[in-house]
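Open the model in your viewer and keep the selection tool handy. We will hop from one selection to the next and look at what is there.

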There are 2 protein chains.
Amino acid sequence: MSTEYDFIKACWGQPVDRIPVWLMRQAGRYLQCYKDVRAKGGGTFLDLCKDPARAAEVSIQPIDILNVDAAIMFSDILTPVETMGMELDFVPGPVFAKPIRTAADVDALIVPEDMAQAVPYVPAIIKRLRVALEGRVPLIGFGGAPFTLACYMVEGKGSKDFAALKQMMYGDFPLYDALMQKITAMDTAYLNMQIDAGAQAIQIFDTWGGLLAPHDFELYILPYAKQLINGLKRKGIPVIYFVKGGGTMLDLVKEAGADVIGLDWHVGLGKARDILGDDVAVQGNLDPTVLYAPKPYIEKEVQRILDENAGRPGFIFNLGHGILPTVPPENAIHMVECVHRLSLK
Amino acid sequence: MSTEYDFIKACWGQPVDRIPVWLMRQAGRYLQCYKDVRAKGGGTFLDLCKDPARAAEVSIQPIDILNVDAAIMFSDILTPVETMGMELDFVPGPVFAKPIRTAADVDALIVPEDMAQAVPYVPAIIKRLRVALEGRVPLIGFGGAPFTLACYMVEGKGSKDFAALKQMMYGDFPLYDALMQKITAMDTAYLNMQIDAGAQAIQIFDTWGGLLAPHDFELYILPYAKQLINGLKRKGIPVIYFVKGGGTMLDLVKEAGADVIGLDWHVGLGKARDILGDDVAVQGNLDPTVLYAPKPYIEKEVQRILDENAGRPGFIFNLGHGILPTVPPENAIHMVECVHRLSLK
């Protein structure tokens, strides 16, 4: 049945009546109703991720409000890392109190046998969402790419340079590789568990993949991304690979083997499609700050991106990164409406 | 005489005996002797920028220590903005207490008649440096590109999104244009004053230019960058334009008309040169975090970049961004030595 959704059809490069659209971080702080649910339960951001009822509720809010063509489960890319034996906190940025620095640290990392048991709230959220969505739109599951997870695990927190990880990468490749193998194994199991639970597409976020030079991307990111994507139960389930800052190395990003390439706004959509070719779909790529613009400007920008796509099949409209917390919701609603109206054949 | 310097020859695309090299932020915190000079005078970072004797002293330190092929005056891209009537502070990041938001704010901005009088310490630093360098290496002057200056002036401080500037850009183009015209006029006078004082090359830093989509770069950045570069007294003085994150739109970056294009490490050097063509030189592009790597790894990376350049004339070796404050100086020394040794014909 899933192939009847425009979103899924676009992932497979099939023609659609109108371009499907969703927004990264569409369940989030720009919506007052999200903040209400977050406040209602008390507790932390992590508590919200682990509360299937509330997490499902915030995942559905943008479907009702924005009229987007896909839901994405509410979670954080770092929650599964806890199951490897690392204590995670948000202050508000993610912090691992004991980052991975030594061979002993890597050895001590656990790869859980049963991810559904290790993070029971994730399949619970997915199952709740599938029921609650009643087939209105497909449900996207997601995870962080191994490299992006490693950035946080080794640095211990967000960073401009992730120098600790890079020192390990450059200075002790066997240790880096051992770490990446464990992360990739966990990640593969984690995403397959989501598919088993009912996720109808998978997005892999490589938020920090663009930190590396293309040559380093090929050495230190691509093998693990490829292994991860290869290891997924993809039958009928499209996989989206989003490398923020990947625009200068789309040929390499494509090699990872995903069905859909997520694009940030730093690359022109037309040029990106020319480089990527017809055998892969793309998703993107409006600058998230355009949602601060007046409505006619937003419409003009939506039209420009549709023009750049030039009617090629295999296109999902999205922002080039997550929606910003202070964007007026009516502008996001307007953007979705423009995509639907302007792309309708 | 200046055309006898390898650095200057490379800027003009002329053959050199060995590849010239310098490092962005080579006068900086990774050097203990920089920290000593900074501490010696007491006062703030801004005080150091405005003290010709100490600023010249820290500018020369890396020439002696690293054996680089060019000096760059010690300063900050935001110091000339003070002359427009904006109070600048570093806490430690730059802060303008009263950011530009309205037409009245733009109207109130001053474009000084005489930049040498407005920032007397800048020509003083340059003159001191020219004497102290005794012709050992050429001296690079620099400034921020109009867009990057506008980012700080409108936002009031550093930001991930510079949403305030983007709101102005998208929502009130005439206001944005009026602001950019004033900044560009100041910037042109500021850089020409540096040339008059004795700067032998000019680097324009567009640190935030890569924030914009290529289409927006063309609309909101390029016209002013072009106007600035066009307005410089370039006879014999090469101009370097460095757009961090410009790798996805090198064709547009080139249109600004600089003699040398600065490249960050997110784009492969070989690919960048293919796109840019033979009529412009390039400068870059080692990932600054490679200086955390063991020395043999640094050598391997230097060799890789030289290989990517493939002997094409018009190449200046540099980092893809500023040297990081915690890099061991011996690694920077090693990098420079490798460039010289491995590129010597």
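Select B:N67 to begin: this residue, just after α4(B), has a positive phi of about 65°. Helices here are DSSP runs of H or I with at least four residues, strands are runs of E with at least two, and both are numbered from the N terminus. You are in a predicted model, where local features need pLDDT of at least 70, side-chain atom pairs count only at pLDDT 80 or more, and totals for chains, interfaces and linings use all residues. Residues are numbered from 1 along each chain as its sequence is written, while chains are lettered from A and ligands numbered from 1 in the order in which they are written.

Now step back to α4 itself, residues 52-66 of chain B.

Next, show both chains. Here 27 residues of chain B are in contact (C-beta atoms, placed from the backbone, within 7 Å) with 27 residues of chain A. On the chain B side, α9 (163-171), α11 (214-230) and α14 (295-309) each supply at least two residues, and α9(B) gives the largest share, five residues.

Move over to chain A and colour its strands. Seven of them form an open, parallel sheet in the order β1-β4-β5-β6-β7-β8-β9; strands count as paired if DSSP finds at least two bridges between them. At the edges stand β1 (71-72) and β9 (315-319), each with a single partner strand, so one side of each has no neighbour in the sheet. Zoom in on β5 (201-206) and β6 (239-243), a parallel pair with five bridges. Which residue of β6(A) is the bridge partner of A:D206? Select A:V243 to find that partner.

As a last stop, the model scores ipTM 0.94 and pTM 0.96.

Technical notes:
Contact = placed C-beta atoms within 7 Å. Expected span 1.5 Å × (residues − 1).
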